[in-house]
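Subject: Structure handover

Hello,

Here is the structure we talked about. Please open it next to this email and follow along; my notes come after it.

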Amino acid sequence: MVTQSMNPLEESLKQSKDAFLAMSTLPTAQKNEALAQFAAIIEANVDFLLTENRKDIGQAEQDGLTPSLYQRLKLDAGKIKQLAQGLRDLIQLPDPAGQVLSQTVLDEGLVLEKLTVPLGVIGIIFESRPDVIPQILSLILKSGNAVVLKGGREASRSNAAFMQLVDQLNARCPFLPAHWATLLDSREAVQEMLNYPQYVDLVIPRGSNQLVQSIMAATKIPVLGHADGVCHLYVHASANIEQAVALAIDAKTQYPAACNALETLLVDAAIAQQFLPQFAQAAKQAGIALKGCSATQAILPKIEPATEADWRAEYGDLTLAVKVVPTLEAAMAHINQYGSHHTDAIVAQDSDVLERFLNGIDSACVFANASTRFADGFRFGLGAEIGISTAKTHARGPVGLEGLVIYKYKLRGQGQIVADYVGEAAKPFLHRPL
């Protein structure tokens, strides 16, 4: 029998699968040692990382990269320091793998255990942000998985620089399998990777709607992610106006390119005459360009008209769509129709209204009297995040360590056979939880 030889990518993916099997059995102490070493290596190589990042920045300026992508691309010493601290913070979190979820006595001497285990080989495709790599790697390390990465072309030098630090980490921590983290170098390699569900267990795309949709359409591998970040803030009639203004400005301007930044502001008709002029003044000072419905324009006649497309727009910059709505129910209907099920918020003092909103919005994250920018793995105390999921699978919202494990059942017996538990004289099961 002739065995067909593997192509280079398939061989690499097989090595990733073998590496996962080794990673999945690492004890927690070794995972934490690797995280500590990686943090130290990153801190020792700040100048190298910034030098390589400046090369990407220079190329981006020549290529005319959009402001939002440029903002995501740029590294600085503060960002790198925060990355190293994030790795150390992750050490303090419990190991997500090996957690016993339940134990059940099926019969005397026959015990079923449900526990968490790492997912496997995870393919992660992302755009622009090189700081994503150490965040991803830290979560992969702690959860005992393996990863295949593909970053955007615009960050190629920065991404390669971080992967050189992984080589240093592997040298310091020989217990790590050599192929636990792999960086692909082309879009063609990504497309080819999607053809190997026998090696890759999950794909997480982080980027544009076009990227996510193309990945979902091209593979049989499960895909976890979000296609859009169309986030809303609804200002109810009972809202504190100063608080509402501050929350809307923060949600829009704190990091406009982020997927949890505010894109549509909904204002209750009962408060619009009071709220909108104050907000418009603050928005002008913050450099926000407003687009409004006809009711909004009646109060703010100098702003641009909003079109149907604006209600679905993820601007990623300092543009904001504004709509006046007649009721809470109308606001909720708008969000559930036009939103991306990512993060949506309400400003209100009426506790009944708050609960109705929190329960009625079908999004991964729903906030009351808080900025949408809080939708973040680090801010949630997850250590970091591998991405944001709007899917309804095993993980939703910011995907941290818990989203990188699945579960398995272990059954420990003493020679029991199924034949004894069927038929007229069948033994009964105890099904007693331990």
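The side chain of D56 reaches the backbone nitrogen of R157, at a distance of 3.2 Å. Please keep in mind that this is a predicted model.

D56 sits in helix α3, which covers residues 46-63. Is D56 buried or exposed? D56 has a relative accessible area of 0%, and buried means under 20%, so D56 counts as buried. Leaving out residues up to four places away in sequence, D56 touches L73, E154, A155, S156, R157 and S158.

The buried residues of α7 are S158, N159, A161, F162, M163, L165, V166, L169 and N170. As background, an α-helix has 3.6 residues a turn, so residues three or four places apart point the same way.

The last item is strand β6, residues 202-206. Five of its five residues are buried, so β6 is largely enclosed by the rest of the structure. Which residues cover each side? L202, I204 and R206 lie on one face, V203 and P205 on the other, and all are buried. Strand β6 runs parallel to strand β3 (residues 121-126), and five bridges join the two. In one of these pairings, G123 has V203 of β6 as its bridge partner.

Regards

How values were computed
Residues are numbered from 1 along each chain as its sequence is written. This is a predicted model: local features need pLDDT of at least 70, side-chain atom pairs count only at pLDDT 80 or more; totals for chains, interfaces and linings use all residues. Side-chain values use heavy atoms; hydrogens and water are left out. Helices (H or I, at least four residues) and strands (E, at least two) are DSSP runs, numbered from the N terminus. Buried means under 20% relative accessible area, exposed over 50%, partly exposed in between (1.4 Å probe, protein chains only). A polar contact is a pair of N or O atoms within 3.5 Å; within protein, one must be able to donate a hydrogen and the other to accept it, and residues adjacent in sequence count only if both atoms are side-chain atoms. Contact means heavy atoms within 4.5 Å. Two strands pair if DSSP finds at least two bridges between them.
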